[in-house]
Amino acid sequence: MAVGPPPDRCLWCRLGAGCARHGRVAAMPEGPVGAALSREEETAGLLAEAMPDGELLDLLLAVEPDEVDDYAAVEVVAAFKRLEAAAAAGAARAAAALAGRDSMHGQLPTRRAVRELDFAADELAMRLGMTRSEARKVVDLGEAFTGVLAETGEALARGEIDARKAGIIVSALSGRAGPVAWGVQAAVLPGAGRRTHPQLQRDINKALVQSGPEDAHDRGQRAARERHVTHLEPGLDGMASLRVVAPAHELVVVDAALQAAAIGARAAGDARSTDQLRADALVAMSAAALAAGRIGPAPGPSGPTGAFDLSDRIKITVTVPLSVALPADLDHTGLKTTCCGATTGAMALAGATTQARAVGDETRGAGAEPSGSGAGPGAGPSRARVPSPMDTYGDEPDGPVAMMDGVGAITPEVARALAAGGTWRRVVLDPFSGTVLDVGRTSYRPPADLARLVRERDGTCVAPGCAVPATSCQLDHTLSWANGGPTAEWNLGPLCERDHPLKSCGAFAVEQPVPGEFLWTTPSGHRYRRTPDGRVTTLPREGWEADPEPPF
């Protein structure tokens, strides 16, 4: 018969805070748990020794942060972070187990071959409200813990490293030869808990070179094939970010150019900070490329030498409610407002629109130049879509806002600056629901207009959480054409190249009860509703009753 740990091994008992489970009374006067933690250094140190389990969580939840001294407060935060790490390890292992089930795999016949599909990351992305790539990392982490990197998983479960450090190790060592991965792990893992994330990455890089100097060059070349620049990731207050992953010896050129521009401007008396100047220099470089229609020098007699001719098919779509484009105080706000003193990017985009081709019912925005002026051939058109004059409620605090594809909401001043040189296209919205009713058709709508209407209505791929613009998606028949589904507004929806096969192979069921509202059922039985504004709602499991709304 198993014998439980002696009462004095319980955290509560060791703190002297009282333990109902063991029937013991506190050895100190009754008081809050925080007081017991602050009594002496050794007492608070018990948190650092405790396993990150339910007992530790119960104890921490009983602590009021204001009740502990500074030393104990630091230990409480550290203990919570260890629990977070243990939870991440558990989630990764559960995700890997899910990915191994037959229900998370499917096939889609194509003209050339049968395409193998893996649904686990899609399942988790929809349920957790994260991107597919983030969900894939959770699965990859758990799968790595079942092999040579098991010790990394154990360290994460004990709270010795956090999930990001575990991810750095797994990302660097997955796919390596077993002896190499095991050796590097053994070299960096013991001290990983006390290393920052950049320090750990450098430790791994050094250990990899030491493990096989002769292979370092080949590994670098393979890694360079994965170089990329992300698309815009929206931030707060009109900001956004880009992430560049490329060989270090090449990116150092970009860093040096931006730093040189900042130092030169500061030496000339520019009052902007170095960080601001580096950012503005990058925008200026891109704006100059758009104006010139190319990146790099013109090709010489021997042909191009690393230069890029810019496509003229790039479009930047800005949706501007009429009440934002033409506010009552236009004479005051006008089109002269700049944003944060940095106008290069807005000028580049506004200039790019002067090359726009006609689309539907359109008139040029105020301040637009005649076609052929402004930016060079490399600058693509930006289309500003203008809703109906019915949107007069836009001057209210909760009225409509201007939106830029790939970025989200932008301020009225920025919207007007971009739209000043834009090609305007009329789009009528229902003033109450915001549903697209008309895109300016003058006759029975042909397929092109129908496609445009559906894309305007949905905005992005209609899979829950997917942000791929509808203009980059395929139009899917919700009820398939083969099964009698018509080509009609209420039976069409944009799906990206990743999500379309999920539906086509039959693993994910999709319904469209009303135009623009999509109900998704995943292989696990989870159900989600996606509305035209992109909001996703989790629905009760099919056949289960939803919890009643509270009577207040």
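Mentor: Lys165 sits in helix 9, residues 163-173. Helices here are DSSP runs of H or I, at least four residues, and strands are E runs of at least two, numbered from the N terminus. This is a predicted model, so local features need pLDDT of at least 70, side-chain atom pairs count only at pLDDT 80 or more, and totals for chains, interfaces and linings use all residues. Residues are numbered from 1 along each chain as its sequence is written, and side-chain values use heavy atoms, with hydrogens and water left out.

Trainee: Is Lys165 buried or exposed?

Mentor: Buried, because its relative accessibility is 8%. The cut-offs: buried is under 20% relative accessible area, exposed is over 50%, and partly exposed is in between, with a 1.4 Å probe and protein chains only.

Trainee: What does Lys165 touch?

Mentor: Leaving out residues up to four places away in sequence, Lys165 touches Ala192, Gly193, Arg194, Arg195, His197 and Leu200. Contact means heavy atoms within 4.5 Å.

Trainee: Which backbone oxygen lies 3.2 Å from a polar atom of the Lys165 side chain?

Mentor: That of Gly193. Also, Pro198 is 33 residues from Lys165 in sequence, with 9.5 Å between their C-alpha atoms.

Trainee: New topic. Where is Asp458?

Mentor: In helix 19, residues 447-458. Asp458 is buried, because its relative accessible area is 3%.

Trainee: Which side chain has a polar contact with that of Asp458?

Mentor: Arg457, at 2.8 Å. A polar contact is a pair of N or O atoms within 3.5 Å; within protein, one must be able to donate a hydrogen and the other to accept it, and residues adjacent in sequence count only if both atoms are side-chain atoms.

Trainee: Now helix packing. At what angle do helix 4 and helix 5 pack?

Mentor: About 140°, with the axes 10 Å apart. Helix 4 is residues 54-61 and helix 5 is residues 70-99. The two are therefore oblique to each other. On the helix 4 side, the contact is made by Leu56, Leu57, Leu60 and Leu61. Helix 5 supplies Val76, Ala79, Phe80, Arg82 and Leu83.

Trainee: And the whole chain: how many helices and strands?

Mentor: The protein chain has 20 helices and 21 strands. Of its 552 residues, 37% are buried.

Key. Axes fitted to C-alpha atoms, helices over the stretch in contact; angles between N-to-C directions. Parallel < 35°, antiparallel > 145°, perpendicular 65-115°, else oblique.
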